[in-house]
Amino acid sequence: MGAGHAVGVTHRLYVPGASPVHRLPPQCKLVAVLAFVLLVVATPRERFWAFAVYALLLAGVAATARIPFRTVAKRVVIEVPFVAFAFLLPFVATGEETAVLGVGLSESGLWGAWNILAKGTLGVVASILLAATTEPRLLLLGIERLRMPQLITQIATFMLRYGDVVAAELGRMKVARASRGFEARDLRATRVLATSAGALFLRSYERGERVHLAMLSRGYDGRMPLTHDVGATAAQWTAAAALPLAAALVTLAAWMTP
Amino acid sequence: MHVPDGFLDAPVSVAAGAVAVAGIGVALRGARRELDDRTAPLAGLTAAFVFAAQMINFPVASGTSGHLLGGALAAILVGPYTGILCVSVVLLMQALLFADGGLTALGVNISVMALVTVLVGYGTFRLLLRVLPKTRASVAGSSFAAAVISVPASAVAFTLLYAVGGTADVPIAKVATAMVGVHVLIGVGEALITAVTVSSVLAVRPDLVHGAHDLIKPLELRTAEPQAGGPAEPSRA
């Protein structure tokens, strides 16, 4: 459930700064985060210490990037639906049971819950750090650099650029509904809400048509002009590799130890 | 409900990633055929719409509320290929910017929430339209059916993936009952809002409902009939 996004939120994700993490090219950071998360997922769940080290590594990145702990903590709530699921697991899973505080809980369910909580949270925190240190626009340039088809990045660019506009339009509709005494109480509200959704779609699509014409009149030929490039040097790649390399050592150690 | 990292094991995540890449590849080609150089702005704005529409909360049952997923809605409004692209881009952005859904689970999320909902939703919609009379009511009805089936279908797809690569051994029957049960409820809300949205767009700009494009009658030229007794006198009060 995407419960976390409010109106006009995209530009509040980025925490401006000039730390070494901020300055790394986006594609390096993307590869580093992806490799890190893959390694975390591949770690056997019985090695508690490995997950503690991963968390320390992320804390190190956050400290280098000077991202306040509170910023990260506030955004972790996106995970809540799955945390709820994880807490249910010990009660519904089968297998051997252990007694915790007098309640019989499934052992494999407890392991499953721990697995989801630990790996999910590490993944969420890694993504939060990525978004907090990289401007959304640069993030898109980064995925384009990583050979994502240009059409996808173009669609994503338009979505980002007009996301706030469309969301603001939705906000104005909400104000208009509220000022006419509307309150969503039960199923009968669907008609009003869906009519708003329909109007929102029409406005968005027609805006798309106007944007396309405006682009054509400025010489658009299906490709976006590259205004600035984000090349990465070997040194930058090496710097970005610090996190996944450290994580790889941990993963290796976790697999080797009995 | 976006799947986070570590929920499914690595092989299943990778396999789902491959399915997602293949699906998006097909969708890219199809969308270019549907929209050619208009693809980027139109699909982009539709993605922004899907993203915003997911913020509309509607009351489901006493006190709880759900929100739109939008797979079936996007497919009916802009066509299946563009629909897949829009929902996938929304999921990609949610994973990258909001940490909503794990990066390693992106393939799973795209397969389950973009590919399955759009394919099942649009398939149902077109099949029903083929047998139903070509009226606005049947478009609304088919949209309802498409959305109400697409949401549990996506839950079933997730359950199948979970059966192969789940990281906790919960009996599959239990997962299936819980997932499908919850999603049938969500599906009804989704279906209501999808049907009314499609029908309200159809009333204003029927040319923008891609799924119902064969319902549009060609414009006919109407000329004023020459009246027998000359122009009617305006009535005086």
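A: Let us begin with burial: a residue is buried under 20% relative accessible area, exposed over 50% and partly exposed in between, with a 1.4 Å probe and protein chains only. The model is predicted: local features need pLDDT of at least 70, side-chain atom pairs count only at pLDDT 80 or more, and totals for chains, interfaces and linings use all residues. Side-chain values use heavy atoms, without hydrogens and water.

Q: Is A:Phe158 buried or exposed?
A: A:Phe158 is buried, at a relative accessible area of 4%. A:Tyr162 is buried as well, at 17%.

Q: How is a pair of aromatic rings described?
A: Rings of Phe, Tyr and Trp (its six-membered ring) pair if their centres lie within 6.5 Å; planes under 30 degrees apart are stacked, over 60 edge-to-face, and the rest tilted. Ten aromatic pairs are found over all chains. One of them, A:Phe48 with A:Trp111, is stacked, with 5.7 Å centre to centre and 20° between the planes.

Q: Which parts of chain A does the pair of A:Phe48 and A:Trp111 tie together?
A: Helices here are DSSP runs (H or I, at least four residues), numbered from the N terminus. A:Phe48 lies in helix H3 and A:Trp111 in helix H6 (residues 107-133), so the pair ties together parts that are 63 residues apart in sequence. A:Phe158 and A:Tyr162 are also stacked, because their ring centres are 6.3 Å apart and their planes stand at 10°. These two are four residues apart in helix H8 of chain A, about one helical turn.

Q: How should I read a nonpolar core?
A: It is a set of buried Ala, Val, Leu, Ile, Met, Phe, Trp, Tyr and Cys residues joined through side-chain atoms within 4.5 Å. The largest has 135 residues, and those with the most contacts inside it include A:Phe36, A:Phe201 and B:Leu77. Helix H4 (residues 80-98) of chain B gives the most to this core, with 13 residues.

Q: How many residues of H4(B) are buried, and how does the span of H4(B) compare with expectation?
A: Of its 19 residues, 18 are buried. The expected span is 1.5 Å times one less than the number of residues. H4(B) should therefore span 27 Å, and its end C-alpha atoms are 26 Å apart, which agrees.

How values were computed: Residues numbered from 1 in each chain as written. Chains lettered and ligands numbered in written order.
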